[in-house]
Amino acid sequence: MFDVVALGELLIDFTENGLSQQGNGLFEANPGGAPCNVLAMLQKLGKKTAFIGKVGDDFFGRLLGETIQKVGIDGRNLIYDSEIHTTLAMVHTFADGDRDFSFYRNPGADMMLREDEIDMNLVRNTRIFHFGTLSMTDEGVRQATKAAVLEAKSQGVLVSFDPNLRPPLWRTLEDAREQIRWGLGHCDILKISDNEIQWLTGEESYTEGVKKIRREFAIPLILVSMGKDGSRAYYQEEEKETGIIVEVKPFLQENTVETTGAGDTFCACVLNYILDHGMEGLTVENLQEMLTFANAAASLITTRKGALRVMPSEEEIRKLLKDRGV
């Protein structure tokens, strides 16, 4: 039995790392991909995880396979494609740590995953199944993703969903909206960013956006990550009409380098809390504790380049909380 199994993209993030002697930009090859970033953080917190996905049978694909093995993620269902190369992302970092992406993925190996390549025993034998939308941009991998989600739901597995919208990878934003709405209809835990919920719902207010989502989709736990403004949890049990809303401030860092992986780190810490405490009967105090730890962890990853290989340990997170008087 695994704690969390995730399906999706595993790729190389080329992040800016200064200039060469000739004045040319230098890029560092950081293993990445949102689903595996989530799993890497969970591994640091002592959880048992597995990944389902596809990379190229090339230098970068083998590097990624070795990397997830080193951090402890079970890679038995990582498939190597002999014809399509590993997906690459060039990450441009702005002065405030925010990013812009250019993807080399037309096609990329992660898009080639097919339903018959998924080990459904992994999907059945986990406590939480996690997915995003980069594995829903194209028909074949979309069908594979949906089959895995439906299998998880049929087995009573909790389903976690992070839209992780990357507009350049979609043919149209209406296509993206349609697939995100499918995800909303099949998840128990939703992690969504501030700009994503505003785009999806057309509401400036995050709370109004959550209300709009819940009018159609019964999602018990919705997390809104708000960057420099912290995070919110919207929790509602089925038997109660009113929900709980909790907001926790961020832990801002003076030495922030970039924000890559911050949302994934946050998401992993939320899933870790649910694994330890369950989904039933969460209180304001529970949600505050959960968000505070998750915000602290997310802030630490912003001080490092990349994410998958350099997730903070629980000791580092606890130390930050102690140093900040929390």
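Author: What follows takes up helix pairs, then a cavity and a pocket. Keep in mind that this is a predicted model.

Reader: How are two packed helices described?

Author: Two packed helices are described by the angle between their axes and the distance between the axes. Take helix α4, residues 139–154, and helix α5, residues 173–184. Their axes come within 12 Å and cross at roughly 15°.

Reader: Are α4 and α5 roughly parallel or roughly antiparallel to each other?

Author: Angles under 35 degrees count as roughly parallel. α4 and α5 are therefore roughly parallel to each other. Their crossing is left-handed.

Reader: Which residues make the contact?

Author: From α4 come Arg142, Lys146, Val149 and Leu150. α5 brings Asp175, Gln179 and Trp182. Sorted by class, this contact has three nonpolar, one polar and three charged residues.

Reader: Now the other pair. At what angle do α9 and α10 pack?

Author: Helix α9 (residues 284–301) packs against helix α10 (residues 314–323) at about 105°. The axes are 9 Å apart. The range for roughly perpendicular is 65 to 115 degrees, so α9 is roughly perpendicular to α10.

Reader: On to empty space. How is it found?

Author: Rolling a probe the size of a water molecule over the atoms shows where empty space is left.

Reader: How many cavities of 30 Å³ or more does the search find?

Author: Across the whole structure, one. About 50 Å³ of space lies in the largest cavity.

Reader: Which elements each supply at least two residues of its lining?

Author: α1 (34–44) and β8 (126–132) do. Among the lining residues are Ala34, Pro35 and Val38, along with His130, Phe131 and Gly132. The lining also includes Glu9, Asp162, Asn164 and Asp264. Its classes are five nonpolar, four polar and three charged.

Reader: And how much space lies in the second largest pocket?

Author: About 330 Å³. Of the 13 residues that line this pocket, the closest to its centre are Ala218, Pro220, Gln236, Glu237 and Glu238.

Reader: How does that lining divide by class?

Author: The lining of the second largest pocket has seven nonpolar, one polar and five charged residues.

Key. Residues numbered from 1 in each chain as written. Predicted model: local features only at pLDDT ≥ 70, side-chain atom pairs only at ≥ 80, totals over all residues. Heavy atoms only, no water. 1 Å grid on protein atoms, 1.4 Å probe; cavity = no way out; pocket = protein on both sides within 12 Å on 5 of 7 lines; lining within 4 Å. Points joined across faces, edges and corners; volume = space filled by probe spheres on them. Nonpolar A, V, L, I, M, F, W, Y, C, P; charged D, E, K, R; others polar. Axes fitted to C-alpha atoms, helices over the stretch in contact; angles between N-to-C directions. Helix = DSSP H or I, 4+ residues; strand = E, 2+ residues; numbered from the N terminus. Parallel < 35°, antiparallel > 145°, perpendicular 65-115°, else oblique. Left-handed = near helix turned anticlockwise from the far one by under 90°. Contact = heavy atoms within 4.5 Å.
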